[in-house]
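I went through it element by element and wrote down what I looked up.

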Amino acid sequence: MKIKHFLSIATVLAAMSTPFFANAADSEKLELLTPGKLSVATEGTDPPFSMRSANGQLDGLEIRVMKEVARRLHLEYSPVITKWDSILVGLQANQFDMSSAAMDITPARQKAIVFSDGWIESGGRIIIPMKSDIKSAQDLKGKRIGAQVSSTYAQLATDHGATLKNYIDVTAAVQDLANGNIDGVINDSIGNAYLIKDMHLPLQQTPDYVSVIQKGFAFKKGKPNLVAAVNKALADMKADGTYAKLVTPIVGFDPAPKDPVRTLPQP
């Protein structure tokens, strides 16, 4: 009985570790710029999604998930540090295979690029000082609100009548808020909570959500095999518990969508 029990465990572990492609030759079926290598755009400055650990290595939610995706596809993970407002241009110019940057899945973006199935669920919330006239999104009109340039949060600030100030990265916006130069910052709620805790700032989030959204990895159109392979790897990771083990230590819970947004068929 003990031998059989050991074999059953070994079988399960082997199935969990089997990559989507059994070998490098099979991986060539993917629409990669360099066979065997998965080049992935990431900011590296968007905690807790992508950031530098104490030893200077890339870490974060998207980094951990994407490394595991690459491992399961039998590919070398090759991160490409890219500024947020250059990611979509870089995708179209074939500067990398895909982007793991925390990008909201929106109808407008789906017209230009292809997303993986939703890999994380969150939403936009407003960071404010401990004492603030802003209690909810309804109080944004006329306020000086910061957001990352070209983000959905920047558009949400404008839609609510705020005076928008754009920033290259969210950390700079939050620091400007702490210095009293703006009235609030709209950003992803998961990122907000991490920044406030990590930077030890006397800030808080409003209780309401400005938006609830899922984020997906982004691809240039015309890569159906790569998209399908990444989606399968993500689904398998969630099913076998690997996803939760990778991300929970960073944010304290499992942010995987219960009902993921599915990839739209490619034209």
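Which residues are exposed on the other side of H10? I found Lys245 and Pro249 there. Exposed means over 50% relative accessible area, buried under 20%, and partly exposed in between, with a 1.4 Å probe and protein chains only.

**Ground rules**

I note that this is a predicted model, in which local features need pLDDT of at least 70 and side-chain atom pairs count only at pLDDT 80 or more, while totals for chains, interfaces and linings use all residues. Residues are numbered from 1 along each chain as its sequence is written, and side-chain values use heavy atoms, with hydrogens and water left out.

**Overall**

I looked up the secondary structure and got ten helices and twelve strands. These are DSSP runs numbered from the N terminus: helices are H or I with at least four residues, strands are E with at least two. The protein has 267 residues, and 49% of them count as buried. The accessible surface comes to about 12700 Å², with 57% of that belonging to carbon and sulfur atoms. Such areas come from the Shrake-Rupley method with a 1.4 Å probe, and for residues only the protein chains shown count as cover.

I then checked contacts, meaning heavy atoms within 4.5 Å. Among contacts between residues at least 6 apart in sequence, 71% join residues at least 24 apart.

**Helix H10**

I went back to H10, which covers residues 242-251. Its buried residues include Thr242, Tyr243, Val247 and Ile250. Seen down the helix axis they fall within an arc of 110 degrees, so they line one face of H10. The arc is taken from the directions from the helix axis to the C-beta atoms.

What do the buried residues of H10 pack against? I listed strand S2 (51-52), helix H3 (61-72), strand S7 (120-129), helix H8 (189-198) and H9. After H10 comes Gly252, with a positive phi near 90 degrees.

**Helix H9**

Next I took Ala233, which lies in helix H9 (residues 224-239). Ala233 has a relative accessible area of 3% and is therefore buried. Leaving out residues up to four places away in sequence, Ala233 touches Val69, Arg72 and Leu73. I also compared Ala233 with Ala70: they are 163 residues apart in sequence, and their C-alpha atoms are 8.6 Å apart in space.

H9 also holds Lys232 and Asp236, four residues apart, about one turn of the helix. Their side chains meet in a salt bridge at 2.7 Å, N to O. A salt bridge here is a side-chain nitrogen of Lys or Arg within 4 Å of a carboxyl oxygen of Asp or Glu. Lys232 is partly exposed at 38% relative accessibility, and Asp236 is partly exposed at 31%. I noted a network too: salt bridges that share partners join Glu68, Arg71, Arg72 and Asp240.

**Other salt bridges**

How many salt bridges does the structure hold? I counted eleven.

One of them joins Asp104 and Lys215, with the closest N and O atoms 2.5 Å apart. Asp104 is in strand S5 (residues 98-104) and Lys215 in strand S12 (residues 211-219), so the pair ties together parts that are 111 residues apart in sequence. Both Asp104 and Lys215 are buried.

Another pairs Asp183 with Arg144 at 3.1 Å, N to O. Asp183 lies in the loop between helix H7 (170-178) and strand S10 (184-188), and Arg144 in strand S8 (residues 144-148), so this pair ties together parts 39 residues apart in sequence. Asp183 is partly exposed with a relative accessible area of 23%, as is Arg144 with 39%.

**Strand S4**

I looked up Ser78, found in strand S4 (residues 76-81). Ser78 is buried, with a relative accessible area of 18%. Ser78 touches Lys37, Leu38, Ser39 and Val40, not counting residues up to four places away in sequence.

**Nonpolar cores**

Last, I looked at the nonpolar cores. A core is a set of buried Ala, Val, Leu, Ile, Met, Phe, Trp, Tyr and Cys residues joined through side-chain atoms within 4.5 Å. In soluble globular proteins, nonpolar side chains tend to be buried together.

The largest core has 35 residues, and those with the most contacts inside it are Leu38, Val65, Val69, Trp119, Phe217 and Val230. Strand S1 (37-42), H3, S5, S12, H9 and H10 are the elements that give two or more residues to this core. H9 gives the most, with seven residues. A second, separate core has 14 residues, among them Ile126, Ile128, Ala137 and Ala157.
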